[in-house]
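Biologist: Could you walk me through this model before I set anything up with it? I'd like to go piece by piece.

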Amino acid sequence: MSFRRLPLFVLLLSSAAVAQPQMSPQPVVTATSPAAEQDEGGLTGSVSDETPWQDLGIAIPTFATNADVATQTSAGSTAGLGRALADVITSDLKNNGLFKPTGPDALPQPSFGQIVAPDFGVWSGRGAEMLVHGYVRANGDGSLTVGCYLYDVALRQQLVKGGWQVPPSDWRRTAHKCADLVYSRLSGESPFFDSKIAYIAETGPKDRRMKRLAIMDSDGANHRYITTGQAIALTPRYAPDYRSLLYLSYFNGYPRIYVYDLETGKQRLITQSTNPTFAPRWSPDGKWILYSMAIGGNTDIYKISAAGGGEPQRLTNTPGINIGGSFSPDGSKIVFESDRSGGQQIYVMNADGSDQKRISFFGGRAATPEWSPRGDQIAFTHIAGNFRIAVISPSGSNLRYLTDSWQDEAPTWSPNGRIVQFFRTEKGSGRTGIWQVDLTGRNERKLPTPVDASDPAWGPVRP
Amino acid sequence: MTIRNAHPKTALKLGAALLLAGALTLSGCAKKAPAELPPPPAPTTAVETPAPATVSGPTPGSQADFVASMMGQDTIYFDTDRYNIDNADAAALTAQAQWLMKYPGKKATIEGHADERGTREYNLALGERRATAAKNYLVSLGLDAGRLTTVSYGKERPVALGSDEASWAKNRRAVTVTID
């Protein structure tokens, strides 16, 4: 099961790529000509568009194919796949506040030859600023090759290209890789679409809710339940290498943290103790596991080797509840939650437990801190009446709210630190859903899940 | 008449009557538990016990007997974010201890719970803290600690389903369950 990034010379359609040295992440707005507005479909719907004016119009027509042949994918033949790929890319690029993508339904379909030689006149006439072209080819061994090209329409130049050869089951990953290529080239940010999310799927009445561990792609596709729901499952965290998951299970009746091996389907306790364990977290390099353990009603944070077998190190030692913990990206510090001063507040310590300092001093309670993968922000749940997702700097300053609802909690970060994911509980019914919000707080969306969902945790971008 | 098969409205009226009765029983000591507490435990037990020829209650020493004998005092209630044992809790735990001392072979689990207005992980730790507070009090009354275990359900298993103060007060609890 290989996912191969093709060297450039393998690309079916090579082209004289003259990469633009510098693209502004927030491109200058260009006035849409009245003539373009009368054009049908395409990118000319800006009149009724409510998104911020700096959104960049990207046309993403159907990917072309050299020959329309059957594939072993859910999307059908290579022609059907070409459309599905463009749809997935369009959907990825929506809702993050940077782009205004237009998908294949509203666009003319380029020919195979036009993939490397776009008809720029057509696209500039539609008001497109950027153009994504691509192709699909079915290989003799059943694998698929997908190529992806990004063009600047005004400059009539190719900005970036990529190509991947994959087994049919991984076809969606090539679309996410293409979206990542476009996203990072145009925004200057790191990619994140080709990643997975672990979460808790919830069904049933409020007092007997079934909670199952589940995983899915970053866009909700390829959904899979991991546990049956016989034991309550909570608070999963993907291992940085995607091979395993940490989570809490009531397997055997008591809450304990397990490492679940996704390849073998087996799980093991992270520590042999009769005490309850909560709130599992990985270190960024995957070598350490943080967990919280209650002894005699007092909860403290511990660190143990992820390889298993080592002695746990106790990091906190104060009366009260010390819980959670999230490493800084360089692994040197840990941000965590403690009620040692009364209510829940946020503290930072060195990774060995030394130098514990409170950083939240803005009233209310502050819970579930998570360090951004970029290191510059900490996302958390602020409790002052309602439960809101907010960010602060690692020193505790610059409090900014990202959401405003009755109960939003448990933020975790996208791999590139641009988007915060959390779960929202509905007052009364107790129904839950996973939501994502960008760092401006303006672009919020609910992630599609088959049933109610909570405790989302993003894994890293896949290689 | 069985309550289980009763018309919903009839069941509601019955429930209300029982709740009132419960409130009267507790009126002297229920400081922070909601006035209509405790929920009536007896009906389900009575319904599920097959009716033999002779007059009967639950088997002495069973969990059903414990629930019936406690008349709501199998559960103690806490203020928001608190885990201290107040006078009402102490009275309930004393009643529990007396029952448990009558049946020295019996073990019990104390389930700690929190209301929905807390973050999930903190509530797990808080539920454990509440269950442990109840356990420690029982041990201080002379019960063998080896007979008692604790488990926290955090906010995952509410008994009152509303999103209001009255429901939250019922959910901030520690419930003693004897093991049959």
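Biologist: How do strand 13 and strand 14 of chain A pair?

Modeller: Bearing in mind that this is a predicted model, strand 13 of chain A, residues 256-261, and strand 14 of chain A pair in the antiparallel sense over three bridges. One residue pair from this region is A:Tyr258, whose bridge partner in strand 14 of chain A is A:Leu269.

Biologist: And what sheet do they sit in, in what strand order?

Modeller: The order in chain A is 11-12-13-14, an open sheet of four strands with antiparallel pairing. Strand 11 (233-238) and strand 14 (267-269) of chain A stand at the edges with a single partner strand each, so one side of each has no neighbour in the sheet. On average, and with direction ignored, neighbouring strands of this sheet are turned by 25° against each other.

Biologist: Is A:Thr235 buried or exposed?

Modeller: A:Thr235 is buried, because 27 other C-beta atoms lie within 10 Å, and the cut-off for calling a residue buried is 20 or more. There is a further case in strand 23 of chain A, where A:Thr368 lies; A:Thr368 has a positive phi of about 50° and is not a glycine either. With 29 other C-beta atoms within 10 Å, A:Thr368 is buried.

Biologist: Switching to the interface, how many residues of chain A are in contact with chain B?

Modeller: On the chain A side there are 31 residues, in contact with 22 residues of chain B. Several strands of chain A each supply at least two residues of the side that touches chain B, among them strand 11, strand 15 (277-282), strand 19 (322-327) and strand 23 (365-371). By class, that side of chain A has 12 nonpolar, 13 polar and six charged residues.

Biologist: What about the nonpolar core, which residues touch the most other members?

Modeller: The largest nonpolar core has 74 residues, and those touching the most other members are A:Tyr199, A:Leu245, A:Tyr247, A:Tyr291, A:Val420 and B:Ala125. Strand 16 of chain A gives the largest share of this core, with six residues. A second, separate core of 48 residues includes A:Trp123, A:Ala128, A:Tyr149 and A:Phe193.

Biologist: What does A:Leu245 touch?

Modeller: Leaving out residues up to four places away in sequence, A:Leu245 touches residues including A:Ala198, A:Leu213, A:Pro236, A:Tyr260 and A:Leu262.

Biologist: Zooming out, what does the secondary structure of chain A come to?

Modeller: Chain A has four helices and 31 strands, and buried residues make up 49% of its 463 residues. Of the contacts in chain A with a separation of 6 or more, 47% are between residues 24 or more positions apart.

Biologist: Which residues does UniProt list for the TolB N-terminal domain?

Modeller: An unreviewed UniProt entry lists residues 72-159 of chain A for "domain: TolB N-terminal". In the model, that span is 25% helix and 28% strand, and its end C-alpha atoms lie 32 Å apart.

Biologist: Last one, what pairs with strand 4 of chain B?

Modeller: Strand 1 (residues 75-77) of chain B pairs with strand 4 (residues 173-179) of chain B in the antiparallel sense over three bridges, and B:Ile76 has B:Ala174 as its bridge partner there. Strand 2 (residues 107-113) of chain B also runs antiparallel to strand 4 of chain B, joined by six bridges, and B:Lys107 has B:Ile179 as its bridge partner in strand 4 of chain B.

Technical notes. Residues are numbered from 1 along each chain as its sequence is written. Chains are lettered from A and ligands numbered from 1 in the order in which they are written. This is a predicted model: local features need pLDDT of at least 70, side-chain atom pairs count only at pLDDT 80 or more; totals for chains, interfaces and linings use all residues. Two strands pair if DSSP finds at least two bridges between them. Axes are lines fitted to C-alpha atoms, for helices over the stretch in contact, and angles run from 0 to 180 degrees between N-to-C directions. Two residues are in contact if their C-beta atoms, placed from the backbone, lie within 7 Å. Ala, Val, Leu, Ile, Met, Phe, Trp, Tyr, Cys and Pro count as nonpolar, Asp, Glu, Lys and Arg as charged, and the others, Gly among them, as polar. UniProt positions are given in the numbering used here, feature names are shortened, and annotations may be inferred rather than shown by experiment. A residue is buried if 20 or more other C-beta atoms lie within 10 Å of its own, exposed if 12 or fewer, and partly exposed in between; C-beta atoms are placed from the backbone. A nonpolar core is a set of buried Ala, Val, Leu, Ile, Met, Phe, Trp, Tyr and Cys residues joined through C-beta atoms within 7 Å.
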